[in-house]
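Welcome! Take a moment to look over the structure below, and then we will walk through it together, piece by piece.

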Amino acid sequence: PVPGNGADSELKRTDFAVNAVVDISDAATETFGVNYYNEDGSSEGFLELGPGFIVPNSFDFDRSVTGAFGELHYEADNGVTVLASMRHDDSDENGAETTSRFGLIYELDSGQTSIRANWGQGFALPGFFALGSPLVGNPDLNPQKSTSVDLGVSHWAKNGRIGATLTLFSNETKDMIDFDAEVFQIVNRDQLDSDGVELQFTYRPSDSLSLQAHATYLDVDLVNSDDEILQRPDWRGGLAVQWQPSESWLIDASWLSVGESWDSSVPTGEITLDGYNRVDVTATYRMTDKLSMLLSVDNLLDEEYEQAIGFSSPGVRPRLAVRYSF
């Protein structure tokens, strides 16, 4: 049921930014800046509904955004750190948006325990495909806006080798950009609520060995709709090991476990994607202070899984890199 299709797309992006850091006092630092970027994109596509019956699916788009921002970093003598920022972005296609963020960190027990709280706003402009595609695009899309809150606590043992972090978070997204299969168009959803909890545990039995475990639970709800949010597993977690047997060698290994999730496509409809387990390993050899060589193997155990319907995992993926710093 999916007709033949193709596209040749190109995107050019030019950006410029400048900022200044001002030390107001020994405890406070201000950062001011401006930035500008321009995106120019085009796509030449087609849809073959039948032999010789080709429908064009081409579009082009140009957008410029100018922004200004200010940030404050303040560290008090009593262990309190305050972070605050505000920025204003003006798009020639989608109007202007002003967002703010505020964070607070409180350290006690000589830094063994820290409590933090963050509140922030954000927005995302619709992509060129979402705005311009003749088949599913919607030129009337609004920017996606979000408000997020998180509260966390971390504690380390006196020897600095055992630590744990617990974080609670809540996000509210309005005008979420999503594809609606019923109207066959990209639309703005009213509101998406996502709440969750994250736990991280670290153990360092020696200076050369570090072990870490983490787990995250996410509850996603699309307000005023019975539709399922796709590709959002409820659970994910894993383990990570970092071992430095010598000054020249560093070994990193990680295991990631992801729960099942919903997904949808035209040929299959909505189905459940199985959860999966993935193991990655990286070995770094430091030849000199400036030169290093890395050998990484992604999906070491050749786990077969799909994060989206029809897009199978690439299997075992070895990579070799050389890094030179100067």
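Start with strand β16 (residues 276–286) and strand β17 (residues 291–298), which pair in the antiparallel sense through 6 bridges. Between β16 and β17 lie 4 residues, and the two strands form a hairpin. To find one of the pairings yourself, look for Ala283: its bridge partner in β17 is Leu295.

Strand β17 also pairs with strand β20 (residues 317–324), again in the antiparallel sense, over 8 bridges. Here you can look for Val297, which stands opposite Pro318 in β20.

## The whole chain

Now step back. Please keep in mind that this is a predicted model. The secondary structure of the protein chain consists of 1 helix and 20 strands. Along the principal axes, its C-alpha atoms fill a box of roughly 70 × 50 × 45 Å.

How much of the chain is buried? Of the 326 residues, 28% are buried. The accessible surface is about 20400 Å², and carbon and sulfur atoms account for 53% of that area. Contacts tell us about the fold too: taking those between residues at least 6 apart in sequence, 51% join residues at least 24 apart.

The chain carries 20 positive and 53 negative charges, and the mean positions of the two groups are 9 Å apart.

Gly163 is part of strand β9 (residues 162–180). Is Gly163 buried or exposed? Gly163 counts as buried because its relative accessibility is 5%, and buried means under 20%.

Which residues does Gly163 contact, leaving aside neighbours within four places in sequence? They are His155, Trp156, Gln200, Phe201 and Thr202.

## A close look at Asp89

Asp89 sits in strand β5 (residues 80–91). With a relative accessible area of 7%, Asp89 is buried. The side chain of Asp89 is joined to that of Arg87 by a polar contact of 2.8 Å.

Not counting residues up to four places away in sequence, Asp89 touches Val65, Thr66 and Gly67, along with Gly95, Ala96, Glu97 and Phe123.

Conventions. Residues are numbered from 1 along each chain as its sequence is written. This is a predicted model: local features need pLDDT of at least 70, side-chain atom pairs count only at pLDDT 80 or more; totals for chains, interfaces and linings use all residues. Side-chain values use heavy atoms; hydrogens and water are left out. Buried means under 20% relative accessible area, exposed over 50%, partly exposed in between (1.4 Å probe, protein chains only). Contact means heavy atoms within 4.5 Å. Accessible areas come from the Shrake-Rupley method with a 1.4 Å probe; for residues, only the protein chains shown count as cover. Lys and Arg count as positive and Asp and Glu as negative; His and the chain ends are not counted. The place of a charge is taken as NZ of Lys, CZ of Arg, CG of Asp or CD of Glu. Two strands pair if DSSP finds at least two bridges between them. A polar contact is a pair of N or O atoms within 3.5 Å; within protein, one must be able to donate a hydrogen and the other to accept it, and residues adjacent in sequence count only if both atoms are side-chain atoms.
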